[in-house]
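Welcome, and please load the model in your viewer. We will go from one selection to the next and look at what is there.

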Amino acid sequence: MVDINFTNILSALSEFETLYIVASYIIAVFIWLESTWVLNNAGKLPESNVFAVVSLATSSWLVVSGLALFFLEFNGLSMSVPVAYGIYSLMGWIYGARLISTKDIDDPKDIVLPAKYLNFCRSFALVFALLCGFVLAKPYLPI
């Protein structure tokens, strides 16, 4: 017979929440790098394997955030991490669809992202990294 210790399961979920927040911090760094690379490439997507991996990671993080919201028990401020990333991703997809629809673009390589949008992405990366850092540090702060 298998003895299930629910205290250990809840403790493990708490560890997954912390792991998710740490990984979100890394995603924030990836967003900064991705936006900076595109900005330095005159708004065009760089043709690099490293860029492709970083871009795939930042894009797929929306799915991970959705799963985290569903399966993990966030409390208080920590809930804002997956919610903020979800809002950022969805708004980015809407902006990208709008950008494509206003131009006659057949190939995604022809898209030129405006510097204002890329600077917004970099600003979000900074704020998101600070949010993740604060959520990680909050249990140790005398608040």
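A nonpolar core here is a set of buried Ala, Val, Leu, Ile, Met, Phe, Trp, Tyr and Cys residues joined through side-chain atoms within 4.5 Å. Keep in mind that what you have open is a predicted model.

**Stop one: the core**

With that definition in hand, select Tyr 20, Ile 21, Ile 31, Val 81, Tyr 85, Leu 113 and Phe 128: of the 28 residues in the largest nonpolar core, these touch the most other members. Now colour the helices. At least two residues of this core come from each of α1 (6-40), α2 (49-71), α3 and α4. Which helix gives the most to this core? That is α4, with 10 residues.

**Stop two: Val 81 and Ser 24**

Stay with Val 81 and show its surroundings. Leaving out residues up to four places away in sequence, Val 81 touches Tyr 20, Ile 21, Ser 24, Phe 128, Leu 131, Cys 132 and Val 135.

Next, pick Ser 24 from that list; you will find Ser 24 in helix α1. Is Ser 24 buried or exposed? Its relative accessibility is 0%, so Ser 24 counts as buried. Beyond its neighbours within four places in sequence, Ser 24 is in contact with Trp 61, Val 81, Phe 128 and Cys 132.

**Stop three: α3 against α4**

To see the contact, select Ser 80, Val 81, Ala 84, Tyr 85, Tyr 88, Gly 92 and Tyr 95 on the α3 side. On the α4 side, their partners are Tyr 117, Phe 120, Cys 121, Phe 124, Phe 128, Leu 131, Cys 132 and Val 135. Colour this contact by class and you get 13 nonpolar, 2 polar and no charged residues.

**Stop four: the rings**

Time for the aromatic side chains. How many aromatic pairs does the structure hold? There are 12 aromatic pairs. Begin with Tyr 88 and Phe 120, a tilted pair at 6.3 Å centre to centre, with 35 degrees between the planes. Tyr 88 belongs to helix α3 and Phe 120 to helix α4, so this pair ties together parts that are 32 residues apart in sequence.

Then move to Phe 124 and Phe 128. Their ring centres are 5.2 Å apart and their planes lie at 20 degrees, so this pair is stacked. Both residues lie in helix α4, 4 residues apart, about one turn of the helix. Phe 124 is buried, with a relative accessible area of 13%, and Phe 128 is buried as well, with 1%.

Finally, select the rings together: Tyr 85, Tyr 88, Tyr 95, Tyr 117, Phe 120, Phe 124 and Phe 128 are linked into a cluster by ring pairs.

**Last stop: Ala 42**

Check its backbone: phi of Ala 42 is near 60 degrees, a positive value in a residue other than glycine. With 60% relative accessibility, Ala 42 counts as exposed.

Key: Residues numbered from 1 in each chain as written. Predicted model: local features only at pLDDT ≥ 70, side-chain atom pairs only at ≥ 80, totals over all residues. Heavy atoms only, no water. Contact = heavy atoms within 4.5 Å. Nonpolar A, V, L, I, M, F, W, Y, C, P; charged D, E, K, R; others polar. Buried < 20%, exposed > 50% of the residue type's maximum accessible area, 1.4 Å probe, protein only. Phe/Tyr/Trp six-rings, centres within 6.5 Å; stacked < 30°, edge-to-face > 60°.
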